[in-house]
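Here is my note on the two-chain model you sent. Please read it with the structure open beside you.

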Amino acid sequence: MQLAVLVENFSLAFGEDIILNDVHFSAPSKGISVLVGRSGSGKTTLLRSLNRLNETLGQVKTRGRVRLDLGQGLEDIYPQDNAPAPRPLSEIRRLVGMVFQTPNVLPLSIAQNIALPLRIVRKLQPEEIKQRIRHCLCQVGLWEETAHRLETSAENLSGGQKQRLCLARALALEPAILLLDEPTASLDVHAATSIEELLKELGERYPIVLVSHNPRQACRLASQLTVMEAGRIVNNFCHELPDAQTIKSLLKEHSPSETMS
Amino acid sequence: MKSPLPWLLRLAPLLLVAVCAVLLIFLLQRGLGTFSLSLLFGDVPPLQAIFGQRPVWDGLWPACAGTLCLVLLTLTLAFLPGLGCGIYLAEYASPGKASFIGLAMDILAGTPSIVMGLFGFTLIVFLRQTFLPNANTSLLLSAGCLSLLVLPVIVSSSCEALRALPRDLRITAFALGMTKKTVISKILIPQASQGIAAGLILALARAAEDTAVIMLTGAVANAGLPAGLFDKFEALPFAIYYTAGEYQNTEELARGFGAALLLLLLSVLLVLTAHFLERRYLRQRQGFHAAGRAR
């Protein structure tokens, strides 16, 4: 199986707080790898380790290796002794698209949300940007709804539409890997279902690592399932995935006081 | 017994409006009568006066032009250093450095304007005795001292505007692969522009009204239109101060009130222009529905 993500002996601490403790994790180059765990188990931190976004949040210490396939086979993204320096941070983050729990559209027009990163990060020409806006909005099924109002503020969109726009924005940068941090947590059932459909489609083309707090969603989407607890990985299912009930009990087992929805 | 607090709270804004109204009515009553072209231009035809073809001796036009130049020059001098310092404080400085710089800013902000004027005056005396024997009090010196005076306002407003931005915005921008430099210049500063503009407007108003600095650093009663950076100039607040001190008859006093009203109008005009530019900028940037809600 070809790997897109390989994390080995990886530990991470914010100051003195150890958040990830000797984590081993891998994700295949196709399909959705789902991370589940109760809050505080370190799943979001693990996700953010894959594009080194933790480093924007404060003083971070890391140990171990994280290797990603960013188009040229697996390569280290953290500096290692006796090895060439990894790609610049901005390039890593550009190649690892991320979508967050709350749709974080930039306070700009719909078109500018996609155009601004393309212009700044990829330095594309206006003509090409225009084409890509259309292409990516079509990809996430938002073109029909927004084609006539691309110049209006993105903040007027509904929650589901915003999250699609965020996905489109990430896709426009041509990522090698997609990271999704509870992408449907802030959406209503209807919007969540359609985003899930979209993710299944995208999972056939991109390696996706998705954090979920919802066992049923995890079952619906996962091609691989990883359970986290207290900064460690406690279960990993690659072939025979458990059903929602089992996931629920797994989560309870590790955290008796916590009830999962 | 019911607490009197809600009533007191309601009284406070009333007091504010009342004071403002009394001030305006008083100014209008005393100054409006003098409002005419001759208040501005004396007996010189307006167009010739505006373009400086004929000097104006007994009108306020040179003072208006002087104040306008002074304000614009002050903001030009103070804007970039102020914004730069604000960005450094909000984005780069460690807490220790930030509090040290904050202390320096507080001291600068607490400096009385007369002290700043004295500083400018002493500076010129020093320069005359050492490197520049021909240096003299001038428009540039006044603007320089005024920009020191308004610098803390611009620094703290831009710093606060940047700090107030949601953390998500930064994280989003970083996650899209932007470098720290582009995150600041393309995302954070445009987003904080309203706060930064508010600071500029405050600085503008402060620079327009200050008298103590300019009377020691270059403003005079009769200089005509501002001729250059190194020349003396007239300014409205100084004209008011001068008239109030030296008036010979009620007519001259009334002209002083006219000048006060004029200064008020000029400030309002500058502030409205600033608001207009800000609105246009936001509309262009955020897409047209957001701009309406922004205020």
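1. Terms first. Helices (H or I, at least four residues) and strands (E, at least two) are DSSP runs, numbered from the N terminus. Two strands pair if DSSP finds at least two bridges between them. In chain A, E9(A) and E10(A) form a hairpin with 2 residues between them. Ala230(A) sits in that turn and has a positive phi of about 50°.

2. Ground rules. This is a predicted model, in which local features need pLDDT of at least 70, side-chain atom pairs count only at pLDDT 80 or more, and totals for chains, interfaces and linings use all residues. Residues are numbered from 1 along each chain as its sequence is written, while chains are lettered from A and ligands numbered from 1 in the order in which they are written.

3. Confidence. The predictor gives the complex an ipTM of 0.87 and a pTM of 0.80. Per residue, its confidence is the pLDDT, from 0 to 100. For chain B the mean pLDDT is 86, and 96% of the residues reach 70 or more. Look with care at residues 289-295 of chain B, where pLDDT stays under 50. The model has 12 contacts beyond four places in sequence for this stretch. A contact here is a pair of residues whose C-beta atoms, placed from the backbone, lie within 7 Å.

4. Chain B overall. How many helices and strands does chain B have? There are 14 helices and 0 strands. Its C-alpha atoms fill a box of roughly 65 × 65 × 45 Å along the principal axes.

5. Where the chains meet. Chain A gives 23 residues to the contact and chain B gives 20 residues. On the side of chain A, helix H2 (89-95) and helix H3 (110-122) are the elements that give two or more residues. That side has 10 nonpolar, 8 polar and 5 charged residues. For these classes, Ala, Val, Leu, Ile, Met, Phe, Trp, Tyr, Cys and Pro count as nonpolar, Asp, Glu, Lys and Arg as charged, and the others, Gly among them, as polar.

6. H3 against H4. Two packed helices are described by the angle between their axes and the distance between the axes. The axes of H3(A) and helix H4 (residues 126-139) of chain A come within 10 Å and cross at roughly 130°. Axes are lines fitted to C-alpha atoms, for helices over the stretch in contact, and angles run from 0 to 180 degrees between N-to-C directions. H3(A) and H4(A) are therefore oblique to each other. Angles under 35 degrees count as roughly parallel, over 145 as roughly antiparallel, 65 to 115 as roughly perpendicular and the rest as oblique. Residues on the H3(A) side of the contact include Ile114(A) and Leu118(A), and those on the H4(A) side include Ile129(A) and Ile133(A). The contact has 7 nonpolar, no polar and 2 charged residues.

7. H4 against H6. H4(A) also packs on helix H6 (residues 159-172) of chain A, at about 130° with the axes 9 Å apart. That makes H4(A) oblique to H6(A). Arg132(A), Cys136(A), Leu137(A) and Gln139(A) of H4(A) meet Ala168(A), Leu171(A) and Ala172(A) of H6(A). The residues divide into 5 nonpolar, 1 polar and 1 charged. Arg132(A) and Cys136(A) also take part in the contact of H4(A) with H3(A).

8. Strands of a sheet pair through backbone hydrogen bonds, either parallel or antiparallel. This open sheet of chain A runs E6-E7-E8-E3-E9-E10, with mixed pairing. Strand E6 (96-99) and E10 are its edges, each pairing on one side only. The twist averages 20° from one strand to the next. Strand E3 (residues 31-36) and strand E8 (residues 207-211) run parallel, joined by 5 bridges. Within that pair, Val34(A) stands opposite Leu210(A).

9. The four-strand sheet. Chain A also has an open sheet in the order E2-E1-E4-E5, with antiparallel pairing. Which strands stand at the edges? Strand E2 (17-28) and strand E5 (74-76) each have a single partner strand, so one side of each is left without a neighbour in the sheet. Neighbouring strands are turned by 10° on average, direction ignored. Strand E1 (residues 3-14) and strand E4 (residues 60-69) pair over 8 bridges. Ala13(A) has Lys61(A) of E4(A) as its bridge partner.

Note on methods:
Contact = placed C-beta atoms within 7 Å. pLDDT = per-residue confidence, 0-100.
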